[in-house]
Amino acid sequence: MNRVLLVEDEVHKREEMKQCVLEVYGFEPEIVDGVRGAVVKVMEEDYDIIILDMALPTFGESADDKIKGHDQAQGGVEVLRALNAVKKKTKIVIVTQYPDFYIGNTKVKLKQAPKVVSDKYKQDVIGAVLYHYKSKSTLQRIMSILRSHG
Amino acid sequence: MRPTDHVNHERITSSSDIDGFCAVAQDACLPKQHCTIANMSTKQFKSKKAWRPARIFNLIAGVRDLKKRNLFRGYVAKDSVAPSDMETIRHGNSPHDSVIAGAILKGPDGISYRQNQSAKKTSADLFVMTGFPAMDWRNEVCYTAGYINSVGQSALDVLRAIKPLVKLETIETATALGILHGLSKTYGASNFLSYKLAYLRSSRNLSTTEMSVVSQIEDEICHRDNAGLHFSALENLSSKISLFVVAQRRISGLISKVNGDFRRALSLSNFIPTPLNEDDVAGFLLRATESCLVDTVYATITIFNLADELPLIRHEFVTRLSSEFLRELLDLIEFASDPFDERIVTDFYRAQDDCSDSSLDIYRVSSAFLERPALAVYRNKLDRVIGIRLLAEIVGESSFTSAEPCDDKAVLLASTGTKLNESVPVKLDSFYRTYLFLRFIGNRANLLTLSKDEVRSIFENTVGLESLLTEEEMRTLYVTALPENKGLVAVLALALFRKKSIDPDIDFEFRSDFISHVMAEHNGSILDFINYLLGDSPQVANYIVGSLDEVTLEKMYMLVGNASQASQIRCDILKAVGQRLNRIEYFIEADAITTRAKVSGLQKYFDSSRMYVDSISMKKWLDSNPTMSTEQYRSLYPRIEAQMSAIEVSSDGEKNLLIIHVNDQDEYLISQIAKDAFEQFCLNTEFGIESYLGRRIRHNTLDGVMMDTVDAVLRKPEYAVYMTNPTMRRTVEAWTVSYKAIVDRLRREHLQFKATNSLFKATFDLSDAATQANLRQLRSTLRSTGASELLNDMVIAFCWKQITPQLENAARFIRTNLLGEANASIDKAFFGHHGSADAQLKAELHEAVNVVFKKVADWFQVPQTGFISATGRELCEIIRIDLNLHGSVHFSGNAVDAKYTGISVHRLYDCLAVLLQNAAKHSAQNSAITLDISCRHAPGTALDLVTVEIATKVAEGNYEISKQRILAAIASEEAGVDMVTEGYSGIKKIKFITRASEGFHTVVCDANDSTNELKLSFRIHAEVANDVTGAAV
């Protein structure tokens, strides 16, 4: 395991995810906090695992003009589309605060996400986690997924 | 069946194979008096069996299929039959038996004859869905012929009633209306009558007297009981109404009800008033026979006029119809076969829509003249291409095969005005070119013959492609385009696609193609690409501008690096296209973007300062209102220090040991001070969070922002039209109510300090680990700084730390739980498939709700430290942007652009927000708001005395109420509680704020009763910004 990309805009969640990666793999993930950053990264670089939030701003706080841009409720799906467009298949861990999201305007339960995303965007979804704030079990679940694909 | 349909009938069918029972049927026809007596008898003996004349039984005897014959016998005994019974009766018949079925079901005293039906059909009778499916075309023709033959003379009378209206355009209006009135008196409602009347109404400027005749006709057809029938004809004919828009509206309302059969609903069927092919003939005829005899006869004439297109149908009719009816029908067609009269499209009609194309006008008007062969043929040709695409969502793309592909590129690209070889004299225009182009792409190979300039030219000189092309065709256009055209076609297809579809996957693909094209051909500059298009395809550029909004531009990931760049590109594009097309609205939008960019820093500052605490006032308050704990702490403080510095010797005599006695008396006191201060930090009505929650969030802002965001979607012209559909309107209204309830709950329950479900509390739990950590840090800071003078500053810093988890929790709750609830409410309200436009509306509402909940969630954060400087004009701009306040504001005064800083900026902002909202809410329509900001410098200080006056004209009906309400608010006592309540507390809030600043309130209202103008003003001392304070954020 060499390269992990963490796509997350919320500071607390991001910090917790970062710690998970550090604990499991012993290194910090690369971090982007907006859809554009993630799309550009995945098109230009290869990652072993991408930890992906679904609801993201277009640019994020780290944008050079400090304007987050419009929020994209399904911003994570844009990253999956980008991966598919450049014909890259990557291991994906979806970590979201919503029990369901929309793919092609169809509501998808988080539990169904691995199959739907794998079929539609040709990615290897190794986990889909419903994130709870400051929840140990959430973090354990994420770490367990990461460990099993170490 | 109307009694008028069954009187004087002569024969049932003319076909030779059933001649055997024709005579019997005629003999069996009972006099009307007999029927009545028989019916009375039926009632008298309360028999459950329906009475039928012998003629019906004779007809049944002619049915060849024995099982069906028995079935008929069973059904004729019933009083009434359900649509499913009708389906059973009609299903599986031979053509011969279908002729008889038409007579038995639809003919006089037949099975579907309703005893108590009024003599004439009403609009409500006609404007219903057909209750059972059509048969194959041959059986449906036989069934129709059986029906027409069974009513005999009545059918001939209908032909004679139609004849005087064939050349309606040549008849003087009063006479024409007189004929229509007569028709309505005899036959009541019919789609035929409705179209003729709609033609007159849309083609001529009717006088009051003439309109009174129209009203009489409407009374005859009971128009007011069900306006849909006549409106359907009007919307198809009137040049004032866009055919594309109205088709979308009807699809949206009916798609879930017709199960793919557009002929089931009259208002859908009317978009294609001629049969598309043999298969469609069945539904076309069923629609007519289920309406009335007039429409059945008219449908038959229409089919005869399409003899070349539908030869087998015509032949079947000729075989089945009575010779007398056939002869008169052909006579009528002969009469209607005069050359095209250009007067059919009147100047009045054209004047309703200056931009309309002549070929489109004839297309629409022809629907009222299908008894004229030339117009029926013209209409049918275009129906097979245009009409079917208007209803593509219902009929499916497989039906597009009705039209022959057109390979004639020369005609397609001929110059506008070129004469065409048509059944009516039309010249090439945008609408006709669209028709040709849609046929042209029927053959994919044709696309390979088009050069880049030709593609551009076609897109420039066609109309409504976004409605008429299917998503699949857009894809085909792209896939089949020549390599050198691919980029351009992808971009054009994207523009079209974005107006039509909501599939984000396809949207992504098109965006990717757009990016590739702009990078390859225009060095990555979107503006360069737009300028290229503007060269000779301004309308194409216009198309594209419509699809390149800021949100889309932000998603051009490889071309656009940040949000500011996206705004700037949008701004540049708008200016370029606005200049080329001379469109002022583009410049207005560009200016709005520029203004927004200028104040974005300020806006961000205030957005992050909604959960604010006026720390200067709080510190003052704490200084002047010390609690017992504070007093004790201050008196104890020196002793704490002294004890910490004492040196002692240990009991075992060991020397040089330093022992410090830690005095922890301050622990309890600091906790108590923090607790008391935190309560004020949260609840104080002058400076506390509750006060700012009241003035900056709950008071109108929350409702305004959350409701206006979704209203903006519903207000869009493309959706506004759906609100005329009662079902959609009810759906939207129901959803709006549920959404408003969520917003209200957020405001009333969650964003309060005292409610049960509150997200905030002004107390803290000493056993909570985070609180303990915060208190430990406060104690340690106080001990290390070694001075009690900083106590209040430290306590305020502690309060922000203590409130932070609550703010985060509130943000999370809004962003997840409440947003989830709002999204679920959309899914619930818009459940089911209602067409692509509805799905698009649903998707946009989801998007809007996601955006606004996240925006509101972002308000719950610790504000930026320090102060910002701002001018009155800038503050007004951010308030207008935040609250989406429309209408112009005229600025004046010597301090409009004077910069102020410190807490005065916050006070000015809060007061201006209230006044601007009130002015926008109460001002008369199109009335501008004038805002005067003037100042007088206070000598020897860094302060200006700023006077702000906001004036606006109030609508006459509201003026007195508004004035009295404002005067009452000014006269009443304001209290701290007004800062934390909503409703009519805006002016009281300004009074409170100015009193806190000036020692007395400064709000004044001037009313000018003669002009209905209300002017509200306030005065406040404001700290003048210099270069240093201006940059001190």
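Contact here means heavy atoms within 4.5 Å. Keep that in mind as you open this predicted model, in which local features need pLDDT of at least 70, side-chain atom pairs count only at pLDDT 80 or more, and totals for chains, interfaces and linings use all residues. Residues are numbered from 1 along each chain as its sequence is written, chains are lettered from A and ligands numbered from 1 in the order in which they are written, and side-chain values use heavy atoms, with hydrogens and water left out.

**Stop 1: chain A as a whole**

Select chain A and switch to a cartoon view. Among its contacts between residues at least 6 apart in sequence, 64% join residues at least 24 apart. Trace the chain from the N terminus and the order reads β-α-β-α-β-β-β-α-β-β-β-α-β-α. The radius of gyration of chain A is 14 Å, close to the 15 Å that the globule rule gives for 150 residues, so chain A is as compact as a globular protein of that length. That radius is taken over C-alpha atoms, and the rule is 2.2 Å times the number of residues to the power 0.38. Along the principal axes, the C-alpha atoms of chain A fill a box of roughly 35 × 30 × 30 Å.

Chain A exposes about 6,500 Å², with carbon and sulfur atoms supplying 48% of it; the areas come from the Shrake-Rupley method with a 1.4 Å probe, and for residues only the protein chains shown count as cover. Of the 150 residues in chain A, 55% are buried, where buried means under 20% relative accessible area, exposed over 50%, and partly exposed in between (1.4 Å probe, protein chains only).

**Stop 2**

Select A:Cys20, which is buried, with a relative accessible area of 3%. Then jump to B:Cys911, buried at 0% relative accessibility. B:Cys911 is in no disulfide, and the nearest cysteine sulfur, that of B:Cys876, is 12 Å away. Over all chains the structure holds zero disulfides, counting as one any pair of cysteine sulfur atoms within 2.5 Å.

**Stop 3: two loops with positive phi**

Go to B:Asp109, in the loop between helix 7 (95–106) and helix 8 (123–126) of chain B. B:Asp109 has a positive phi of about 60° although it is not a glycine, and it is buried at 9% relative accessible area.

Next, pick B:Cys222, between helix 13 (208–220) and helix 14 (228–237) of chain B. B:Cys222 also is not a glycine, yet has a positive phi of about 50°. With a relative accessible area of 25%, B:Cys222 is partly exposed.

**Stop 4: B:Gly131**

Move to the loop between helix 8 and helix 9 (137–151) of chain B, where you will find B:Gly131. This glycine is partly exposed, at 41% relative accessibility. Show its surroundings: leaving aside neighbours within four places in sequence, B:Gly131 is in contact with B:Pro83 and B:Arg264. B:Gly131 and B:Pro83 are 48 residues apart along the chain, while their C-alpha atoms are separated by 5.3 Å.

**Stop 5: B:Asp503, where chain B meets chain A**

Finish at B:Asp503, in the loop between helix 30 (483–500) and helix 31 (504–521) of chain B. Not counting residues up to four places away in sequence, B:Asp503 touches A:Asn105 and B:Phe497. B:Asp503 counts as partly exposed, at 24% relative accessibility.

Note on methods:
Helix = DSSP H or I, 4+ residues; strand = E, 2+ residues; numbered from the N terminus.
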